[in-house]
Amino acid sequence: MLRITVLVSGGGTNLQAIIDAIAAGDIHNASIVRVISNNPNAYALTRAQNAGIEAVCISPKSFPDREQFHKALLQAIDEADTDLVVLAGCMVVLPAELISSYRGRIINIHPALIPSFCGKGFYGLHVHEAVLERGVRVTGATVHFVDEGTDTGPIILQKAVDVHDDDTPETLQRRVMEEAEWKIMPQAIDLIAQGRVRIEDGRTRIDQ
Ligand code: GRF
């Protein structure tokens, strides 16, 4: 059984997609053991509670400095006996110690087709604004492993989504979530839970 800790900061629709996929049997052999938010008001915490999952808030504001906050975050992940850390709309820059302790065991969802529209400053609606400004016809989402860089880790799954002429950043964000994010995040977790994802020379390989 793959023990998953999900880190969130906001609405938690990706968290909900994972909860639903586990309940539906689309993700096999995995369970969410803890949800951690840096933001006490994140609706994702309510979603976790509604699903009977332990939900905790670890806010940087409750600690004297960044170091103490990082320590508490790492401890909360360790204590849950976590196999896989899933970043689902997590706005916290992860401490280096967490990345190195869980190398190859942290995944993130990015709302564009990496390496386009990613890196510093590309988060939330900014991503979709940049997509519309550039006028690309296709965007999408990417699930990738997390390393020390911003959106630079090995890519696990990607899914393309059409951009429409009359899109606003908001309508595009919604379509990317519905058509890509909520599908490939559960799929990636299922592949990992089945032991089918390997990292080789900085790239992933998915065993058939
Ligand atoms: C998603 O767009 C995800 O790609 C990005 O943050 C957003 C989180 O949304 N990393 P939600 O909290 O899962 O609804």
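## The ligand and its surroundings

Gly 11, Gly 12, Thr 13, Asn 14, Gly 89, Ile 109, Pro 111, Met 177 and Glu 181 surround the ligand, each with a heavy atom within 4 Å of it. This is a predicted model, where local features need pLDDT of at least 70, side-chain atom pairs count only at pLDDT 80 or more, and totals for chains, interfaces and linings use all residues. Residues are numbered from 1 along each chain as its sequence is written, and side-chain values use heavy atoms, leaving out hydrogens and water.

By class, this shell holds 3 nonpolar, 5 polar and 1 charged residues; Ala, Val, Leu, Ile, Met, Phe, Trp, Tyr, Cys and Pro count as nonpolar, Asp, Glu, Lys and Arg as charged, and the others, Gly among them, as polar.

| Residue | Part of residue | Distance to a ligand oxygen |
|---|---|---|
| Gly 12 | backbone N or O atom | 2.8 Å |
| Asn 14 | polar backbone atom | 2.8 Å |
| Glu 181 | side-chain N or O atom | 2.8 Å |

Taken alone, the ligand exposes 360 Å², and the protein buries 85% of that (Shrake-Rupley method, 1.4 Å probe). Helix 1 (13–23) and helix 6 (169–193) are the elements that give two or more residues to the shell around the ligand; helices are DSSP runs (H or I, at least four residues), numbered from the N terminus.

Now for Asn 38, found in the loop between strand 2 (30–37) and helix 2 (43–50), strands being E runs of at least two residues. Its relative accessible area is 19%, so Asn 38 is buried (under 20%, 1.4 Å probe, protein chains only). The side chain of Asn 38 also makes a polar contact with the side chain of Ser 9, at 2.7 Å; within protein, one atom of such a pair must be able to donate a hydrogen and the other to accept it.

Notes. Polar contact = N/O pair within 3.5 Å; in protein donor to acceptor, adjacent residues only side chain to side chain. Buried < 20%, exposed > 50% of the residue type's maximum accessible area, 1.4 Å probe, protein only.
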